[in-house]
Protein chains: 2
Amino acid sequence: MKIQPVKGTRDFYPPQMRLHNWIVGGWKEASLRNGFEEYDGPIFEHLKMYEQKSGEEIAEQLFSFEDRGGRGLAIRPEITPTLARMVNQRINSLPKPIKWFSVPRVCRAERPQKGRLREFYQWNIDIIGVEEIVADAEVILCAVDYLRQTGLTEKDIAVKISSRKMLSRLLEACEIEQELHTGIYAALDKKAKIPEEAFEKLLEEKLPDQEKRQKLLEIFATKQLSELQENLQYSSEAAEAIDELVELFSLLESMGISEYCEFDIGIVRGLAYYTGMVFEIHDREGSLRAICGGGRFDSLLKDFGGPSIPATGMGMGDCVLEILLREKGLISEEMPKPAADYFIAVMDDELVEVAAGLAAKLRLAGFSAEFSYKKAKMKKLMKQASEMKAEKCIILGGEYIENKQIVLKNMETSEQRTADYKQFCDELKFSEPNQENGEE
Amino acid sequence: MKIQPVKGTRDFYPPQMRLHNWIVGGWKEASLRNGFEEYDGPIFEHLKMYEQKSGEEIAEQLFSFEDRGGRGLAIRPEITPTLARMVNQRINSLPKPIKWFSVPRVCRAERPQKGRLREFYQWNIDIIGVEEIVADAEVILCAVDYLRQTGLTEKDIAVKISSRKMLSRLLEACEIEQELHTGIYAALDKKAKIPEEAFEKLLEEKLPDQEKRQKLLEIFATKQLSELQENLQYSSEAAEAIDELVELFSLLESMGISEYCEFDIGIVRGLAYYTGMVFEIHDREGSLRAICGGGRFDSLLKDFGGPSIPATGMGMGDCVLEILLREKGLISEEMPKPAADYFIAVMDDELVEVAAGLAAKLRLAGFSAEFSYKKAKMKKLMKQASEMKAEKCIILGGEYIENKQIVLKNMETSEQRTADYKQFCDELKFSEPNQENGEE
């Protein structure tokens, strides 16, 4: 029986696993540095939670199933609904503001394609309980802090920022009926990905009124936030939302990351639950999907049966990120193995048990140690030791059989010395139990 | 809409997440120290893989579903089938021996009860390509190395060891037909959990022949491996398997962990694929399920369509382990938060933007930093700083408004000094991009 993996899933062999750990490790470090605490939820939840509350695109892509009691369940396609559920459950006892992050594995029943798999990891950070714009700036900062740490610069990536609140007010200023807004957002979301004529045609479908459409196209052509501010026709209606964006850009300037950030009226984000600032991070060449997206969603907790509490956050998947880092030469094709402290070279099959015992004593004392399961020629053993980047090599051979002595070799300097086996072992102490729990 | 979590799943709020990270971090460190490399597979695989190859108990507990193409899939109930698939796919290019570990999230449609949930984490370590008993000893060593590191001692836990090969030969020596073996293993697996009479009744069902049953009960009463060796009636048939166990115990002695280890003829393990040594780690009080179980399964790769290559390994779940660590007082109820480098106390609402900018510069320079979103009284702010165990506090208040100065307070010594804001910021450098990928 030959079995294939499921299409759109990944096998993490040790080199890929090291790369994955490097990405996730970077996400976690950036989160902690920026004051976020880690949480996680179950890999599956009640189906109805996603059907009712995820964006339409996500709800269509659920892997759903039933448990033995016939209850409808689904593998999580995102963690935001779980976050809302968890926060609502303890809303009174959790200290505010809530600054949480997570790196959930999520699954979506999509057609696999470049940068999009049926299973991936998504870094999520969220700030709940802060209505001030400074929280929106912090979310963007945290994403940029991570990306900068990988080696990406403002020449490689751009944070494109707009506001759903502002867009909504501008549509109202054009006297466009509320029920048409969602369709127009969907069209605008495609603007950057399709030719200009195709976009105009799409917009015509969503907004048949020629005059209103003309006004809207004018607004969508805006390049600078200041143009909107100066255009008195719209600015009064959208003033509050525009002011919030101005404040956001001022904060990003104070934070020293304004070179990464720009206004882009074309950013809307697909998900229905955004209510304020929205942003996406793109590669400057524009050849890939968004690396990251987020925004303010002040009605999230309320939608899930909780109180009305402001929230802002973002998500970053690992697939597009990995493609970009590779394109920019920021990850090597073969991730190196971590170095070992000791390699024990066995020169005689009789000594395998001694080697295993010695390796055990080293490991129990807290050192990483490996040994050869069978005797081999010195040259082969030294090659093995170099491959695992062992700092020290212990040679078990004739010296042990004759005098119970071992040869210690420093692999960097090639210096060798002999030592008494028993004395060497006696000096190895059991390491102290690690009771410092809580630290990663 | 109030939504509940699914029964048998866990929410990891930040304190539980810190505990979870401490457990998983310990597993990973022990694995690396013992020379294992990390891998992982998809969270779901083709359903038929588990239906055909997992043990019967596991195959009954699958969460299965269909993708849009109507293919049968299942959330992984264990990672061993994935391991076999991945190794078989690259059997010729992977260097041997293969020493891999993983910490998969796995799901089983069981009735939730103490120490058993419908979703848990299971540490797996496996050695593939070594037929020598030393590999079996290494698997046990790695498990004991981890458990010792948590603070558990030989007074708390016991590694109970037997051999499926030996059991099978002993059954043959009693002239028990091959087709009855599985039923007898299942009965023996229950022996320790039920009263003696109930066991004898169960065995009678599985083996109606009174004479053979009497012989078997005599064998099952064996306490010491030496009794089996000395009982010539059986030892010739089972000699090879008994010798292997003797060698294993000698290796465990050399490794310095024999006080943890004991022979127990009652250990069989439920899963069908074991072919040699089998073991379980139990709490000495015997009040909990097994903490860990494993053994040799030399036909695993072949069962999955690959070549015949020896393998040995083990799995340890997080649920029973956590209960035991709590019972022994080895984890504190509330896991402490990691300490922050800086807390910025804002004494005036006008200064929030300055604080956000300063926090950003600290974070981008690699320090963890937090700030208050709103001004507050000094006492409250200092309490906040202590709660996050900040090493240093930066006070932004009158000194900044008057002279652009900040107050730096060492939270340990309570020493304070003023510094020029601009100069302080200029001395903060962007941290170097972390290109040392591959290291965790």
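Where in chain A is the place of Lys389(A)? In this predicted model, Lys389(A) lies in the loop between α15 (378-387) and β15 (392-396) of chain A. Its backbone deserves attention: Lys389(A) has a positive phi of about 50 degrees although it is not a glycine. With a relative accessibility of 35%, Lys389(A) counts as partly exposed, because that class covers values between the 20% limit for buried residues and the 50% limit for exposed ones.

Lys404(A) occupies the loop between α16 (398-403) and β16 (405-410) of chain A, and at 43% relative accessibility it counts as partly exposed. Most residues other than glycine have a negative phi, and most peptide bonds are trans.

In chain A, the bond from Lys96(A) to Pro97(A) is cis, with omega near -5 degrees. Pro97(A) sits in the loop between α4 (80-89) and β5 (98-102) of chain A. In chain B, the bond from Lys96(B) to Pro97(B) is cis, with omega near -10 degrees, and Pro97(B) is found in the loop between α4 (80-89) and β5 (98-102) of chain B.

From these local features one may turn to the chain as a whole. Chain A contains 17 helices and 17 strands. The radius of gyration of chain A is 28 Å, well over the 22 Å that the globule rule gives for 440 residues, and chain A is therefore more spread out than a compact globule. Along the principal axes, the C-alpha atoms of chain A fill a box of roughly 100 × 55 × 50 Å. Of the 440 residues of chain A, 58% count as buried.

Charged contacts form the next topic. Over all chains, the count comes to 65 salt bridges. One of them joins Glu37(A) to Arg18(B), with the closest N and O atoms 2.8 Å apart. This pair crosses between chains, from strand β1 (residues 37-38) of chain A to helix α1 (residues 14-33) of chain B. Glu37(A) counts as partly exposed at 22% relative accessibility, whereas Arg18(B) is buried at 11%.

Within chain A, Asp40(A) forms a salt bridge with Arg76(A), the closest N and O atoms being 2.9 Å apart. Asp40(A) lies in the loop between β1 and β2 (44-46) and Arg76(A) in the loop between β4 (72-75) and α4, so the pair ties together parts of chain A that are 36 residues apart in sequence. Both partners are buried: Asp40(A) has a relative accessible area of 7%, and Arg76(A) one of 0%.

Arg326(B) counts as partly exposed at 30% relative accessibility. Elsewhere, salt bridges that share partners join Asp40(A), Arg76(A), Arg105(B) and Glu119(B) into one network.

Charge also gathers on the surface. Lys190(A), Lys193(A), Lys206(A) and Arg289(A) form a patch of positive charge there. Among them, Lys193(A) is found in the loop between α7 (181-190) and α8 (196-206) of chain A, and Lys193(A) is exposed, with a relative accessible area of 63%.

Technical notes. Residues numbered from 1 in each chain as written. Chains lettered and ligands numbered in written order. Predicted model: local features only at pLDDT ≥ 70, side-chain atom pairs only at ≥ 80, totals over all residues. Heavy atoms only, no water. Patch = residues over 30% accessible without salt bridge, like charges linked within 9 Å, V, L, I, M, F, W, Y side chains within 5 Å. Areas by Shrake-Rupley, 256 points an atom, 1.4 Å probe, with all protein chains shown as cover. Salt bridge = Lys/Arg side-chain N within 4 Å of Asp/Glu carboxyl O. Lys, Arg positive; Asp, Glu negative; His and termini not counted. Charge placed at Lys NZ, Arg CZ, Asp CG, Glu CD. Helix = DSSP H or I, 4+ residues; strand = E, 2+ residues; numbered from the N terminus. Buried < 20%, exposed > 50% of the residue type's maximum accessible area, 1.4 Å probe, protein only. Rg over C-alpha atoms; globule rule 2.2 N^0.38 Å.
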